Amino acid sequence: MKQIETNKRELLEMMEELGGAPLSNDSICDLSMLMGAYKALCVVTRKELEEDSEEAAQAHTSVHSMDKQDAESWVDHMKNADGSIGAHWPMDKTEQVRAQRGLNCDPVKFWAAMNMMYSDYCEAAKKNNASTVDFFADMAKAFLDDADARPDKLARYHKYVAMG
């Protein structure tokens, strides 16, 4: 039993290490495999999987909503696909776009999401003749309104994907 608990701790450490690095198909597969092994050890020790799932869910809800300071710090340091660094649009420009379209969302989150979309996809958009303010506004709004995403998707993306 002592070895099982040691193995479980090691698996958790490995998952934490993988989760702290940029995601790739390989790391996602590795995380899934490690989680399967961890759950199997929980079954062996007759622990309730629901308790472990509850602890994991509580850990995921510890992400706080993104505030203006978080957004500014993130956007200011974005390494854009076109080689530039920082915001492509100032907040007053994205606020103008948001207001003109009548979008009901947090202006700071919209600004950060729109700049994130530009940062990550500007070259792909250009290649496909889609590099317009409207395109990036639509992408930002779609990202923020993702119906099957957990709450505070932008803050989660920032914490777990962008900042690793």
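Contact here means heavy atoms within 4.5 Å. In this predicted model, Asn80 is in contact with Ile85, Gly86, Tyr118 and Ser119, once its neighbours within four places in sequence are left aside. Asn80 belongs to the loop between α4 and α5. With a relative accessible area of 6%, Asn80 is buried, because buried means under 20% relative accessible area.

## Overall architecture

The chain contains eight helices and zero strands. Read from the N terminus, its elements follow the order α-α-α-α-α-α-α-α. Of its 164 residues, 30% count as buried. Among contacts with a separation of 6 or more, 63% are made by residues 24 or more positions apart.

## Aromatic pairs

A pair of aromatic rings is described by the distance of the centres and the angle of the planes. Because Trp74 is part of helix α4 (residues 68–76) and Tyr157 is part of helix α8 (residues 153–162), the pair ties together parts that are 83 residues apart in sequence. Trp74 has a relative accessibility of 6% and therefore counts as buried.

Another pair is formed by Trp89 and Tyr118, with 5.4 Å from centre to centre and 75° between the planes, an edge-to-face arrangement. Trp89 is found in the loop between α4 and α5 (91–101), whereas Tyr118 is found in helix α6 (residues 107–127), so that parts 29 residues apart in sequence are tied together by the pair. Trp89 counts as buried at 8% relative accessibility, and Tyr118 also counts as buried, at 8% relative accessibility. Tyr118 is also one of the residues in contact with Asn80. Trp89 and Tyr118 form one aromatic cluster with Phe135 and Phe136.

A further ring, that of Phe143, has the charged end of Lys153 sitting over it, 4.0 Å from the ring centre.

## Arg101 and its surroundings

Which residues does Arg101 touch, not counting residues up to four places away in sequence? They are Asp134, Ala137 and Asp138. The side chain of Arg101 makes a polar contact of 3.2 Å with the side chain of Asp134. Between Arg101 and Ala137, the C-alpha to C-alpha distance is 9.3 Å, while the two residues are 36 residues apart in sequence. Arg101 is placed in helix α5. Its relative accessible area is 31%, so Arg101 is partly exposed.

## The second largest pocket

The second largest pocket has a volume of about 260 Å³. Its lining consists of 13 residues, and those nearest the pocket centre are Trp74, His77, Met78, Lys79 and Ala162. At least two lining residues come from each of α4, α6 and α8. Which helix gives the most to the lining of the second largest pocket? That helix is α8, with four residues.

## Positive phi angles in loops

Two loop residues deserve a separate note. Asn129, although not a glycine, has a positive phi of about 55°. Its position is the loop between α6 and α7 (133–144). Is Asn129 buried or exposed? Its relative accessible area is 75%, so Asn129 is exposed.

Asp152 is likewise not a glycine and has a positive phi of about 55°. Asp152 is located in the loop between α7 and α8. With a relative accessible area of 30%, Asp152 is partly exposed.

## Accessibility of selected residues

The table gathers the accessibility values of residues discussed above.

| Residue | Relative accessible area | Class |
|---|---|---|
| Trp74 | 6% | buried |
| Asn80 | 6% | buried |
| Trp89 | 8% | buried |
| Tyr118 | 8% | buried |
| Arg101 | 31% | partly exposed |
| Asp152 | 30% | partly exposed |
| Asn129 | 75% | exposed |

Terms used. Residues are numbered from 1 along each chain as its sequence is written. This is a predicted model: local features need pLDDT of at least 70, side-chain atom pairs count only at pLDDT 80 or more; totals for chains, interfaces and linings use all residues. Side-chain values use heavy atoms; hydrogens and water are left out. Buried means under 20% relative accessible area, exposed over 50%, partly exposed in between (1.4 Å probe, protein chains only). Rings of Phe, Tyr and Trp (its six-membered ring) pair if their centres lie within 6.5 Å; planes under 30 degrees apart count as stacked, over 60 as edge-to-face and the rest as tilted. A charge sits over a ring if NZ of Lys or CZ of Arg is within 6 Å of the ring centre and within 35 degrees of the ring normal. A polar contact is a pair of N or O atoms within 3.5 Å; within protein, one must be able to donate a hydrogen and the other to accept it, and residues adjacent in sequence count only if both atoms are side-chain atoms. On a 1 Å grid over the protein atoms alone, a cavity is a set of points where a 1.4 Å probe fits but cannot get out, and a pocket is an open set with protein on both sides within 12 Å along at least five of seven lines; lining residues have an atom within 4 Å of a point. Grid points are joined across faces, edges and corners, and a volume is the space filled by probe spheres set on the points.
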